[in-house]
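Subject: Structure for you to look at

Hello,

Here is the structure you are taking over. My notes on it follow below.

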Amino acid sequence: MYGWGVVKTLGIAFYHFVLTYVDEFRFKGKRRSAEALAQRQSAYGSGAFTVEYPQERLTLPERSRNLPFLVIDAETQQTRCTACGICVQACPVQCIWIERATDPETGKPARYPAAYHLDVSLCMGCGLCAEFCPFDAIKMDQHYEVASYTRPGFRNLQELSKPESYHAQIHPTAYAEEQARKAAKAKK
Amino acid sequence: MKSHELMQEIFPVLQQRFPNLTLESNGLHVAKRQLVDVARYLRDELGFNYLSSVTAVDYPQRGVIDVVYHFYRISGGPELVLHVEVNRNAPVVPSLTPEFGSANFQEREVWDMFGVKFEGHPDLRRLLMWEGFAGFPLRKDWHEAYYEEEHKPYSSRFPKGGQPVMAEERTPLRDNIRLPEGWLAQDFSYDEADLALYQRMLSANRDPNKPLKTDEMILNLGPHHPSTHGVLRLAVRLDGETVQHLEPVFGYLHRNHEKIGERNTWMQNIPYTDRLDYINGMTNNLAYVIAMEKLLGWEVPERAEYIRVIMAEFMRIVNHLVATGFFGNDVGIYMTASLYGLEERELILDLFEAASGARMMFNYMRPGGVAADLPEGWIERALALVEDRLPRKIEMMQTMLTENEIVKARSVGVGVLSPQEAISLGCSGPVLRASGVPYDIRRAEPYSIYDRFDFDVAVRYGGDAYDRIRVRFDEMWQSLRILKQALRSIPAGPIQAKKLTPLLKLPAGEAYGRIEAPKGELGFYLVSDGSANPYRYHIRATSLINLGALSQLTRLAKIADVVVILASIDLTMGEVDR
């Protein structure tokens with residue numbers, strides 16, 4: 001019958017429309033709870049797909065990344081960065097600038113940075129710096145609310161540094177692997 | 001069969017006819033006066049009827065520009081590479097456009113970027129830069145406005161990077177710009193830049209025996225138009241409502257990706273490839289690393305191959321959901337179908353984000369494997385999607401878009417492309433297969449582990465906009481088939497065989513890696529001089545070459561159908577403009 005296809009199309013649209021309101025009953029008014037949100041956003045979700053940000057927030061997967069940060073070691077309370085420059089070699093947009101410190105006693109290059117700058121307006125969040133860092137000193141952050149009224153420009157060593165506990169909190173699996181690797185190395 | 005084996009086999013046959021032809025490690029070298037004859041002989045006698053890629057490489061030390069052609073047989077098999085070396089100071093090459101329609105845009109691009117003149121080209125205008133632009137950007141001695149150094153990593157960054165300079169402080173309006181001698185801003189007019197285009201618009205496809213002397217009009221659709229899917233401008237010459245000639249104008253997103261690629265190291269290019277066809281980051285990554293692996297000669301571990309196939313097939317579903325959904329926008333199911341498509345895309349992007357850390361700019365593939373193993377529970381999540389949800393949803397969209405009489409009225413018989421034209425114009429992917437040519441690189445020259453999976457090459461025979469949409473649905477079903485097999489049989493094991501370093505060096509030589517990307521053949525032509533930076537990094541952009549068919553497809557169509565035909569080709573401007 002001519003026109004049957006249009007009727008079917010409208011039927012599909014109507015079905016979707018009805019599903020939008022099913023969630024309210026399905027979760028018995030607890031549509032905004034964390035469990036309901038997880039279900040709504042999974043392969044088993046059926047109703048409205050939108051998330052009412054900022055009242056509702058999705059949990060990010062562990063590997064989710066945007067801007068890098070530098071890890072302050074829990075033992076030494078110093079930055080883990082040794083100013084080796086590998087992140088600079090890896091950075092596609094060349095937004096990392098490192099000045100290597102000189103040892104005040106010997107006058108030779110030291111294994112820590114005198115200055116570390118990262119142009120956050122240029123960084124594309126590819127994660128190659130974190131991937132290639134041999135000292136686990138640079139990691140990718142998950143803090144995504146970075147809008148500001150002024151141009152952010154450079155972040156220096158202090159602004160980039162975050163404690164090891166923060167890294168452990170946002171990357172639990174990767175942190176456990178890292179610790180296991182370190183323990184194995186110490187054993188040798 | 002490998003490419004060099006094919007060429008060794010072909011070479012004696014060709015040499016009998018063309019004694020001056022030589023076979024070198026990188027392909028067949030031909031003198032420019034013989035080029036058209038050789039190309040014709042290859043097409044008519046030896047079956048190499050598909051000219052896939054035309055590009056050039058600049059060698060200032062030797063004073064030559066090497067124009068490179070890649071030919072295929074549409075029946076399958078590896079590529080045949082043809083080189084024509086011309087003097088760098090006055091480069092002239094005979095044009096292949098009259099023989100192969102696919103050379104049209106690519107020769108214009110080579111003229112634009114390298115200044116190689118193609119004799120006999122019907123319309124040799126600049127493609128990406130504007131008329132009146134001084135210099136040829138991809139020549140080695142041309143420097144861009146923000147030029148710092150020949151290659152990354154820049155020496156100012158380490159170890160004395162204590163006084164950083166923000167990118168915006170190196171603006172071209174201060175001291176970092178080179179203007180042509182004697183150039184004054186007040187003398188420049190934008191009309192001059194468009195003059196060549198309008199001359200072309202007025203002269204092309206004119207029928208001298210037109211019975212009625214009616215007035216014609218030139219209409220510009222775009223660059224900002226809701227149905228051009230980006231910043232694409234279509235200059236259309238109309239006679240009443242009928243399109244007499246259509247000329248796509250683009251380059252608004254041009255950032256000289258290939259020049260950036262030559263400044264970058266090999267590894268730094270991987271995240272940049274995500275930004276070509278930004279809908280399909282994974283397949284862009286994959287094509288680039290496959291080209292790199294051809295040069296490196298690396299083997300990829302089993303598990304990594306499976307992960308690559310899974311990601312590529314999910315990516316194909318994502319692309320086709322977006323393409324068919326937005327096709328709905330243009331035929332009048334405004335936003336409904338596209339949002340249903342985007343909903344499923346979100347779920348697939350969730351999977352990508354869990355594995356790679358990003359939803360669009362994945363940066364996931366690496367030469368010799370992938371960046372990270374799949375996280376725990378990933379396969380189960382993917383299987384739930386592939387076995388339960390996606391079949392239902394794809395079927396729903398298919399009903400919506402292929403059974404609807406309004407969609408049929410708008411698309412059946414609109415923009416018909418014959419198989420001969422499709423091959424000659426170099427179309428690939430769903431555009432080619434909707435015209436009845438069952439050419440799929442996953443079967444024609446299997447890469448990765450596609451030869452292990454059971455799937456059919458989706459093909460439709462109508463060649464119109466409707467079939468181009470239907471073939472995309474067929475492909476989604478085939479992708480689901482591959483995904484089911486791959487997700488069930490993925491083995492355990494390592495995901496990366498080699499230790500990678502940021503300054504990975506590739507052995508000297510050249511390679512052309514291509515894959516069946518969702519939009520068609522995506523190829524990376526890489527030339528290495530043995531260092532950590534590419535000597536030449538060229539992308540055979542799928543969307544660009546499929547766009548080349550638009551002028552042909554819209555001839556004598558109605559202006560309202562232009563939008564439908566454009567949507568059925570499925571373009572991403574990030575890839576067209578590069």
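**Cysteines of chain A**

A:C81 is buried, at a relative accessible area of 8% (buried is under 20%, exposed over 50% and partly exposed in between, with a 1.4 Å probe and protein chains only). Before going further, note that this is a predicted model, in which local features need pLDDT of at least 70 and side-chain atom pairs pLDDT 80 or more, while totals for chains, interfaces and linings use all residues. Residues are numbered from 1 along each chain as its sequence is written, chains are lettered from A and ligands numbered from 1 in the order in which they are written, and side-chain values use heavy atoms, without hydrogens and water.

A:C84 counts as partly exposed, with 30% relative accessibility.

**Chain A overall**

Seven helices and six strands make up the secondary structure of chain A. These are DSSP runs numbered from the N terminus: H or I over at least four residues for helices, E over at least two for strands. Their order from the N terminus is α-α-β-α-β-β-α-β-β-α-β-α-α.

The radius of gyration of chain A is 24 Å, whereas a compact globule of 188 residues would come near 16 Å; the value is taken over C-alpha atoms, and the globule rule is 2.2 Å times the number of residues to the power 0.38. The C-alpha trace spans about 90 × 40 × 30 Å along its principal axes. Of the 188 residues, 43% count as buried.

Contacts (heavy atoms within 4.5 Å) were also counted. Of those in chain A between residues at least 6 apart in sequence, 62% join residues at least 24 apart.

**A helix in chain B**

Among the buried ones are B:I559, B:D561, B:L566 and B:I569. Just after α18(B), B:D570 has a positive phi of about 70 degrees.

Regards
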